[in-house]
Amino acid sequence: MQPLRSLALSLSFLIGACAGAPDSTTMPDAFPLDDQVDAPNTIDVTSRDFTDGAALDVEFSYDQFGCVGQNAAPQLAWTGAPEGTKSYAIIAHDPDAPTGVGFFHWVLIDVPATTTAIDGALPEGARALHTDYGTTGYGGPCPPPGPAHRYAFTVYALDVPGLELPDGATGALTRFVLRDHTLAQGRIVGTFGR
């Protein structure tokens, strides 16, 4: 009799928990877009491939795990970096990925200070670090089926010509290290769902 009672209590708890679960048609803020870097938002980031808040075309999505994109990185351009900028870092992050900390899709560092756009090939000296796909370079959106996710492309103006990070550094480590070197930042956000 005791095992049946335990089973009934467990089922009652699970049913109650599911009843209080959020509606699956809405996307909660799993991780805020603001990454807590203490620097002014003076950099204006634009793209000829999408506008801020608009959906990314399928060509910019990943080409594995059931996604059928071309894994092409969108073009990015920026203005408004302050005097003293010695390099840039660029991070593309999905704050809505069901991981608790989001998902890093693109991590670029050591982008020369003379650069004001990324379009295809990286400028000489720039380094692409690991994404959460476990690869280097751009890894496009590939969210689970359901509500669209947000993809924040953030440009950081840094006070050093390069970050002393190993090639295998993660997006989280990169963002932690650049906190102490960011003079200004700016971002453009796209969405993608399937």
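How many helices and strands does the protein chain have? The protein chain has two helices and eight strands, where helices (H or I, at least four residues) and strands (E, at least two) are DSSP runs numbered from the N terminus. Along the sequence these elements follow the pattern α-β-β-β-β-β-β-β-α-β. The structure is a predicted model, in which local features need pLDDT of at least 70 and side-chain atom pairs count only at pLDDT 80 or more, while totals for chains, interfaces and linings use all residues. Residues are numbered from 1 along each chain as its sequence is written, and side-chain values use heavy atoms, with hydrogens and water left out.

The pLDDT, which is the predictor's confidence in each residue on a scale from 0 to 100, has a mean of 85 for the protein chain, and 81% of the residues reach 70 or more. Over residues 1-30 the pLDDT stays under 50, and the model has 14 contacts beyond four places in sequence for this segment; a contact means heavy atoms within 4.5 Å. Where pLDDT is low, the predicted coordinates should not be read in detail.

Of the 194 residues of the protein chain, 41% count as buried. Buried means under 20% relative accessible area, exposed over 50%, and partly exposed in between (1.4 Å probe, protein chains only). The protein chain exposes about 10100 Å², of which carbon and sulfur atoms supply 58%; accessible areas come from the Shrake-Rupley method with a 1.4 Å probe, and for residues only the protein chains shown count as cover. Among contacts between residues at least 6 apart in sequence, 75% join residues at least 24 apart.

The strands are arranged in sheets, with two strands taken as paired if DSSP finds at least two bridges between them. Five strands form an open sheet in the order β6-β4-β3-β7-β8, and the pairing is antiparallel. Strands β6 and β8 stand at the edges with a single partner strand each, so one side of each is left without a neighbour in the sheet. Within this sheet, β3 and β4 run antiparallel and are joined by seven bridges, with Ile-90 opposite Leu-108 in β4. Strand β4 is mostly covered, with nine of its ten residues buried.

An open sheet of three strands, also with antiparallel pairing, has the order β1-β2-β5. Its edges are β1 and β5 (117-118), each with a single partner strand, so one side of each has no neighbour in the sheet. Two bridges pair β2 with β5 in the antiparallel sense, and the partner of Ala-77 in β5 is Ala-117.

The largest nonpolar core has 23 residues, of which Leu-76, Trp-78, Trp-106 and Phe-153 touch the most other members. Such a core is a set of buried Ala, Val, Leu, Ile, Met, Phe, Trp, Tyr and Cys residues joined through side-chain atoms within 4.5 Å. The elements that give two or more residues to this core are β2 (76-79), β3 (87-94), β4 (103-112), β7 (149-158) and β8 (182-192). The largest share, four residues, comes from β7. A second, separate core of 15 residues includes Ala-89, Ile-91, Leu-163 and Leu-178.

A search of the whole structure finds seven aromatic pairs. Rings of Phe, Tyr and Trp (its six-membered ring) pair if their centres lie within 6.5 Å; planes under 30 degrees apart count as stacked, over 60 as edge-to-face and the rest as tilted. The rings of Tyr-62 and Tyr-133 have centres 3.8 Å apart and planes at 5 degrees, so this pair is stacked. Tyr-62 lies in the loop between β1 (44-46) and β2, and Tyr-133 in the loop between β6 and β7, so the pair ties together parts 71 residues apart in sequence. Both Tyr-62 and Tyr-133 are buried.

Trp-106 and Tyr-138 form an edge-to-face pair, 5.3 Å centre to centre with 80 degrees between the planes. Trp-106 lies in strand β4 and Tyr-138 in the loop between β6 and β7, so this pair ties together parts 32 residues apart in sequence. Trp-106 counts as buried at 3% relative accessibility, and Tyr-138 is buried with a relative accessible area of 10%. Not counting residues up to four places away in sequence, the residues that Trp-106 touches include Leu-76, Ile-90, Ile-118, Tyr-138 and Phe-153. Ring pairs also link Tyr-62, Phe-65, Phe-103 and Tyr-133 into a cluster.
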